[in-house]
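Please look at the sequence and the structure below, and then read the report that follows.

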Amino acid sequence: MPSHLLNIVKKELLEIFRDPRLFIGMVIVPILVFPLMGFTVGTSMEASQKQLEQMEVGVLSYDNNGTLSNYSFVLLAIMRTQNISWRSAPVDTPTDGISWCIANNLTVLVVIPANFSERIDTGESARLEVFQVLVDYGFTESAISSRVVGAVDTFNKAVTASRLHATYPGVPSEELLVPAQVKSQSVVKGEIKDVDPNTLVATISMSSIMMPVVIMILIIMAAQLAATSVAMEKEQKTMEVLLSLPIKRIYILIGKLAGVIVVSLIATLTYIVGFSYYMTSITGGAGVSLDLNALGMSPEPVGYAIMVASLFLSFITALSLAVLLAAYTKDVRSAQSLMGLMYMPLMIPTIVLMFAPLDVLPTSLQAVLYAIPFTYPILASHALYTKEYFVVLIGIIYQVAFTAAILWLATRLFASEKVLTAKLEFGRKRKRIVE
Amino acid sequence: MLAVQNLTKNFGKVVAVYDLSFEVRPGEVFGLLGTNGAGKTTTMKILATLLKPTAGKAFVDGIDVLKYPTEVKRRIGYLPETPALYEKLTAREFLQMLGSLREMEPIALRKRLGYLEKALEMGEFLDLEIGTYSKGMRQRAAFASAVLHEPPVLILDEPTSGLDPRFAKLVKGWVRDYARGGRTVLMSTHVTEIAESLCDRTAIIDRGQIAALDAPAALKERLGAATLEDAFVQLVEPRRK
């Protein structure tokens, strides 16, 4: 009777949504915490960027007895064009210069040696010294010295270009500086794509890494929810009330799964919204540097369909397994401990496939991964871009068979008295008293 | 009516109930009186189709509990020993859910809820979440769930447990009236006074077996005991030695 099923689902949803712990964990956290994290990270990155933009350094120059001449003047001018302002340190030694920088809140001291211009003029290499005051070893501090080094790099190119111009007048400096240029292009399925392979791989692997992690988190949360729901029915003895009603026991099982699936779908949506906002916040909307549409590489609808199917089956498998395991426990605490067993097969494919494709792994590890049904949604997320669907489709057939077997076992368990009498406990053994 | 024939239930090596036989007639309140662990709850769970007997048979309204469990479930109201309620639902939502699952007509369900609300004085808390209830409120809500669909057979495991004297009296009167209407009531208790004041007949059950079965007055008379408690001790104590 579908009305029986609807009543069970309604009861499940009421229970879940009225439990503040579950509601906060599955809906509020992703919708609130991810954007908040994004805002915080974005704000700190913006502040760091501003600090770098308004960078000021101290300069201690010994070049031509302290008089700024020729090349040291050019170097400092280039620094100014790159938004690095500078102040002359009114001291005699680098040690005093560093103390002066600290006293004046400057983090970098550039020391220009006495024979700087002269050595460059005679074709010799001059050595600049850059001292950076480190305070918090943060991300911004590493970028500060890179900016100074970048300015010196520009100076070097300018000097080299001016020297080459004397020998090759009329030749553009870019060509003089880079005699052999490289243009890397990607070949995808025999078709040349006008994009650097590194950029393409970085763009695709970004989603290939993030998606499995999000998938894993969601499946773990849903399984935990299902296990808690069943264990709570046993702990509070409400399972006895349900089982004493004139309804088919499979409705109780399906109703429970359906309730958790509805909540998981809502959680998935909030995760997607929250996580997208988080990614946009930290990348300023420029997280994906490539337009995959323009390259004809964006995922196809069939790819999405296959992924959704594989993901849905994974949910059902995880939930059925969770219900099956939880039905053998005595209470919520035992169920949650037992759920730890399920995390391993969930995490192994996610972690392994994050770093290496399946076909380069040793055969034994490949066999293990193929046997785990949770491998296939991750392969499906990769197949969105590779468009190699065959293995995933075979995997879906395997997932259907695996899920059917687990559901059958769960149905058998619910039909037997074991659903009431099984009392697996962890960490403590008690003598059983029968009344 | 209700009948148990040579019923045995083992949990692994533990024998919970052994070769138990008794009958409960329509209009009768029948008590299973015993200590904790005597096998009362196991017997009731078998009759409520929650457990399967290892041997023997059980019938509710003449229907075999093993062969036709769904038909049996339609005819019984079962009150577990601990009030089993959903903490996040209100009693009204819980009872409405049970009524719908028992396929009660919406109008009949509304009428019945109104009646139980008054009879069990549940008006104050019917629309509050069950998690906020006192022990007595929980017991009344659980009791309402067992009698909601007016079943011909009531199986009550410690029905007055957790109730204050006023409500215990109210429930006892209610149970008696319910049986007088031609329905069958099987209840368990470990309180001899309740068995004495409420049950038409009582089976004293010890270690999974019936030690004696009769009307409380007849049991007292047979054993020359002043109270049912004395009769109970006289019967059970020698079995401990």
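## Terms and a buried threonine

A residue is called buried when its relative accessible area is under 20%, exposed when that area is over 50%, and partly exposed in between, with a 1.4 Å probe and protein chains only. Thr421(A) therefore counts as buried, since its relative accessibility is 18%. Leaving aside neighbours within four places in sequence, Thr421(A) is in contact (heavy atoms within 4.5 Å) with Phe11(B) and Leu51(B).

This is a predicted model, in which local features need pLDDT of at least 70 and side-chain atom pairs count only at pLDDT 80 or more, while totals for chains, interfaces and linings use all residues. Residues are numbered from 1 along each chain as its sequence is written, chains are lettered from A and ligands numbered from 1 in the order in which they are written, and side-chain values use heavy atoms, with hydrogens and water left out.

## Where the chains meet

The contact involves 39 residues of chain B and 31 residues of chain A. Across this interface the rule finds 3 salt bridges, a salt bridge being a side-chain nitrogen of Lys or Arg within 4 Å of a carboxyl oxygen of Asp or Glu. Glu93(B) forms a salt bridge with Arg18(A), and their closest N and O atoms are 2.6 Å apart. On the side of chain B that touches chain A, the largest share, 6 residues, comes from α3(B), where helices (H or I, at least four residues) and strands (E, at least two) are DSSP runs numbered from the N terminus.

## Helix α3 of chain B

Helix α3 of chain B spans residues 91–101, and its buried residues include Phe94(B), Leu95(B) and Leu98(B). The buried residues of α3(B) pack against α1 and α9 of chain A, together with α4 and α5 of chain B.
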